[in-house]
Amino acid sequence: SRTHAEGLVSFLIEDFYNELAPTGRLETLGALAKRTVAYYDSLPPALVTPQTRLNRAMALVREGSAQIASGNQKAANQSFDEARTAFEKLRAAGDDGEPVIYGLALISYNEGYGPAAGGGSSAQIDQAAALLRPLVNGSNPSRRVRQLYADTLNIVCLVQPPRQALATCDEALKLLEGLG
């Protein structure tokens, strides 16, 4: 039942994020993510599984997203750094699954969005695109992967030369059309 409860909390964090992000009202999500991380931190080591580590890392990413939205860049950086470390440990242990790659790409997207959208460096956005591209071009990419890749391409095109940007924007548009 703990596995089901963790799955429900993870679903709620993702669902709330998708609903609240467009409104800019992420304080509720931030509070939920913070409590989720605290729950995972309180577990005895014997109960911590790779899935628990993955869920905790994703909660940290969503907490970081909420912290950025509230203007707390320092706290967001700490959350993202801790999540990145967790995802990289999972990857080093052989987990190259979509959730790990998606988590790493989401961190890069969040960290690179502001600078790239402002006409600055797009290195982190480019990294997010590079992580997501194989998943999008693979068999049966999830909706969240396709959505994040389209969002990423929309930022990538802002810093590209016009002809290249047009092709990138067209690719993003096709993905979005496929999502409905």
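## Close-up views of a predicted helical model

**View 1. Phe87 and its neighbours.** Leaving aside residues up to four places away in sequence, Phe87 touches Leu54, Ala57, Met58, Val61, Pro99, Val100, Gly103, Leu104 and Ile107; contact here means heavy atoms within 4.5 Å. This is a predicted model, where local features need pLDDT of at least 70 and side-chain atom pairs count only at pLDDT 80 or more, while totals for chains, interfaces and linings use all residues. Residues are numbered from 1 along each chain as its sequence is written, and side-chain values use heavy atoms, with hydrogens and water left out.

View 2. Buried means under 20% relative accessible area, exposed over 50%, and partly exposed in between (1.4 Å probe, protein chains only). Helices are DSSP runs (H or I, at least four residues), numbered from the N terminus. In soluble globular proteins, nonpolar side chains tend to be buried together.

**View 3. Ser79 in helix 4.** Look for Ser79 in helix 4 (residues 73-92). Ser79 counts as buried because its relative accessibility is 6%. Not counting residues up to four places away in sequence, Ser79 touches Leu60, Glu63, Gly64 and Gln67.

View 4. Which residues of helix 8 are buried? They are Ala165, Thr168, Ala172, Leu175 and Leu179. Helix 6 and helix 7 are among what covers the buried residues of helix 8. On the other side of helix 8, Pro162, Arg163, Leu166, Lys174, Glu177 and Gly178 are exposed. For Arg163, the relative accessible area is 80%. After helix 8 comes Gly180, whose phi is positive, near 90°.

**View 5. A tyrosine pair in helix 5.** Tyr109 and Tyr113 form a tilted aromatic pair, 5.7 Å centre to centre with 50° between the planes. Rings of Phe, Tyr and Trp (its six-membered ring) pair if their centres lie within 6.5 Å; planes under 30 degrees apart count as stacked, over 60 as edge-to-face and the rest as tilted. Both tyrosines, Tyr109 and Tyr113, lie in helix 5, four residues apart, about one turn of the helix. Tyr109 counts as buried at 14% relative accessibility, whereas Tyr113 counts as partly exposed at 40%.

**View 6. Asn140 in a loop.** Asn140 sits in the loop between helix 6 and helix 7. Its phi is near 55°, a positive value in a residue other than glycine. Most residues other than glycine have a negative phi. Is Asn140 buried or exposed? At 74% relative accessibility, Asn140 counts as exposed.

How values were computed
Helices (H or I, at least four residues) and strands (E, at least two) are DSSP runs, numbered from the N terminus.
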